[in-house]
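Please work through the following exercises with the sequence and the structure in view. Each task is followed by a solution in steps.

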Amino acid sequence: MRHALLIAARDLRERARDRTAYLLAVVLPLGLAGIFTLILGNLGGDGEIFRYVVADADRGQVARTFTDDVLRGAAASGVIEVRSVASAREARGEVEKGAATAAFLLPAGFTEDVLAGRAARIEVVGDVDAPTGTQIARSLAQTYTDRLAAVRLAVAATVHSGVTTAPAELAAEAAAGLPEVVVAEDTAARKELDMKTQYAAGMAVFFLFFAVQSGVTGLLDERRTATLARLLAAPVRRSSILAGKLITSVVVGVLSMTVLIVASSLLMNAHWGHPAGVALLVLSGVLAATGAMSVVAAIAKTADQAGGWQAVVAIVLGALGGAFFPVAQAGGLLEKLTLLAPHHWFLRGLADLAGGDVTAVLPSVAAMTAFAVVTGAVAVVLFRKVVRP
Amino acid sequence: MTVLSCSGLRRRFGDVLAVDDVSFTIAEGETYGLLGPNGAGKTTTISMITGVLERDAGEVVVDGVPMSPDAVAAKRLVGYVPQELALYPDLTGRENLRFFASLYGAGRRRVDEVLEVVGLADRAGDLAREYSGGMKRRLNVAIGLLHEPRLLVLDEPTAGVDPQSRNQIMENVRALAAEGMAILYTTHYMEEAERLCDRVGVIDSGRLIAEGTRRELVERLGERDRISLQLDGDLSHAATVLGAIPAVRGLAPHGHGLELVVDDARECLPVVLSAISTNGAVVRSVEVTEPNLETVFLHLTGKALRE
């Protein structure tokens, strides 16, 4: 073990002097995460409040229910703000100049049309630069019109059954039985990570696979430069040489992830979650990355060849595991394949951690550890040929 | 006392028999040159001796300890200087030495001593990548000396270096042998082998085809030293006088002089010159020809050493 640590210490000293290592392990992932957040963060999220205006030209009961109950109720959740404007023209103007995310236009005669069973519509005018906020506005309006349709159906059915109660009273009773429209944050056990954390974590785990390459691929470099022959001639067990390289990969991986976590927390306000849970995920993720990259390096004949293959594997696993986009949402085969990527388990573990306690990460930790054990065992068997006497 | 004993070494790579039944010994303080053209099996032999490579057959014993790829105790007795520059370029010279010293359990004081020995003490803090080719070669050798091995194996340690570094390396090797270290040395430079090696083994196509001192090899081929003299005076009288000297094995006219075949030209030359001067002849020129290892090598393998 002493020799393995000496070999790892030497490797790390050399890596510390390699500027490209810092670029790959820290600067690139942090930079890309920042760029992704800047670009995609404008789509909404991260506590952004959508500001809506409503122009009620109808002022009838049904219109007031929408503005007072539906919109004010949703505003109570803190996710949206609603204010009334005098006219549809003013409402459009607010949206055009960016003062409002979207406008609800309730035309004159809206209540009358609804009560008479005629076609009635709520017009939503959205800001083209705020698609998420506009979509939420549409959903609110759609939900309300769906409720109105349900009420109409209930009233019509009751009237046809011979009940003598006035339709307006029936409508009021039916409407009272429908659920409220609420806009609120997800309270499920697994939360979606906020965008900054999602991209910081995605980039961190993606570049982790590049960062850990140096240790295991170093064995091929040492074979090329004959320092491996020198190590083999030294009173050092061959297993110690292998162990030293694996330790190097793990240490580089843990250091790179730690720096990225701290930096993204300070610079991007990313929220990684409970440190113990994050530590478990990082350690198991690093082991999984080391195992995967070791297998590739063990198959390759040269360090250059290994580097090329490792890049391909890292990109494919990263894309599959959702480091860039939530691939699992595509469903079907892709959703199943994503389970093969440690990236998926790492990000899922962080999401579980955000919605639960530290133990919530254990399934992900177990999956990544199993991945590491399998790939690590294969790599050790394959690497014996590199140090074979 | 024998430090290295290898017998019946054999190693096959697929269909190629790289080394076949190679046996030799090296004594304490002896420098043994292993000569052979490219692909002859030198590096494979060295790899088996240093425990880097498993052998198919044969035995290697270093200072009484059997060598194998897992023989940690035997490896402590051997210093290895590979043909390539086996250094870490992003470490300083001192850091390179300290790393290997730690693997062998050698102390920091020894690192400083070795830096002095190879003349790198003043550049020890520089990165190895910033060293000249000669300095890298010297550092390469220094690593092999760190643990004061009983056997030092040098695989073409002077390849591609400047004359100054080559001389320094050769002086180091000579001094180490004088201290009692057994040295196994391969080189493409015949003059190095002649200057350094007490005995040489010639390896070709995986087999050790000849072994001995330079003189033994030369004599085995029927080659002798020759002294060519250009003389003024009575040539026939000179021939009679010189032919009576016991060390002179043959004699023939050569231009305006004589060519003598002798046992050892350097020992014989003073006797020859003295005999001529006391018999009234005048020597105009002298040329001594000693058959060298290049001649031996060419004769044995049909190839020049650098082919």
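**Exercise 1.** Describe how α12(A) and helix α13 (residues 303–320) of chain A cross, and list the residues that meet.

*Solution.* Step 1: the axes of the two helices come within 9 Å and cross at roughly 145 degrees. Axes here are lines fitted to C-alpha atoms, for helices over the stretch in contact, and angles run from 0 to 180 degrees between N-to-C directions. Helices (H or I, at least four residues) and strands (E, at least two) are DSSP runs, numbered from the N terminus.

Step 1: the crossing of α12(A) with α13(A) is right-handed. A crossing is right-handed if the near helix is turned clockwise from the far one by less than a right angle, and left-handed if anticlockwise.

Step 2: from α12(A), the residues A292(A), M293(A), V296(A) and A297(A) meet A306(A), W309(A), Q310(A), V313(A) and L317(A) of α13(A). Two residues are in contact if their C-beta atoms, placed from the backbone, lie within 7 Å.

Step 3: sorted by class, this contact has 8 nonpolar residues, 1 polar and no charged. Ala, Val, Leu, Ile, Met, Phe, Trp, Tyr, Cys and Pro count as nonpolar, Asp, Glu, Lys and Arg as charged, and the others, Gly among them, as polar.

The model is predicted: local features need pLDDT of at least 70, side-chain atom pairs count only at pLDDT 80 or more, and totals for chains, interfaces and linings use all residues. Residues are numbered from 1 along each chain as its sequence is written, while chains are lettered from A and ligands numbered from 1 in the order in which they are written.

**Exercise 2.** Determine where G277(A) lies and whether G277(A) is buried or exposed.

*Solution.* Step 1: G277(A) belongs to helix α12 (residues 275–299) of chain A.

Step 1: G277(A) has 24 other C-beta atoms within 10 Å and is therefore buried. A residue is buried if 20 or more other C-beta atoms lie within 10 Å of its own, exposed if 12 or fewer, and partly exposed in between.

Step 2: leaving aside neighbours within four places in sequence, G277(A) is in contact with L353(A), V358(A) and V361(A). The C-alpha atom of G277(A) is also separated by 9.2 Å from that of V365(A), 88 residues apart along the chain.

**Exercise 3.** State the relative direction of helix α9 (residues 213–225) and helix α11 (residues 238–268) of chain A.

*Solution.* Step 1: α9(A) and α11(A) pack at an angle of about 155 degrees, with their axes 6 Å apart.

Step 1: that angle makes α9(A) roughly antiparallel to α11(A). Angles under 35 degrees count as roughly parallel, over 145 as roughly antiparallel, 65 to 115 as roughly perpendicular and the rest as oblique.

Step 2: S214(A), G215(A), V216(A), G218(A) and L219(A) of α9(A) meet K245(A), L246(A), T248(A), S249(A) and V252(A) of α11(A). By class, 4 nonpolar, 5 polar and 1 charged residues make this contact.

**Exercise 4.** Describe the surroundings of helix α5 (residues 133–145) of chain B.

*Solution.* Step 1: α5(B) has 13 residues and reaches 19 Å from its first C-alpha to its last, close to the 18 Å expected at 1.5 Å a residue. The expected span is 1.5 Å times one less than the number of residues.

Step 1: 11 of the 13 residues of α5(B) are buried, so this helix is largely enclosed by the rest of the structure. Among them are M135(B), L139(B) and I143(B).

Step 2: the buried residues of α5(B) pack against β6, α3, α4 (108–117), β7 (151–155) and α6 (163–178) of chain B.

Step 3: with α3(B), the axis of α5(B) comes within 9 Å and crosses at roughly 25 degrees. α3(B) is therefore roughly parallel to α5(B). Here G93(B), N96(B), L97(B) and F100(B) of α3(B) touch L139(B), A142(B) and I143(B) of α5(B).
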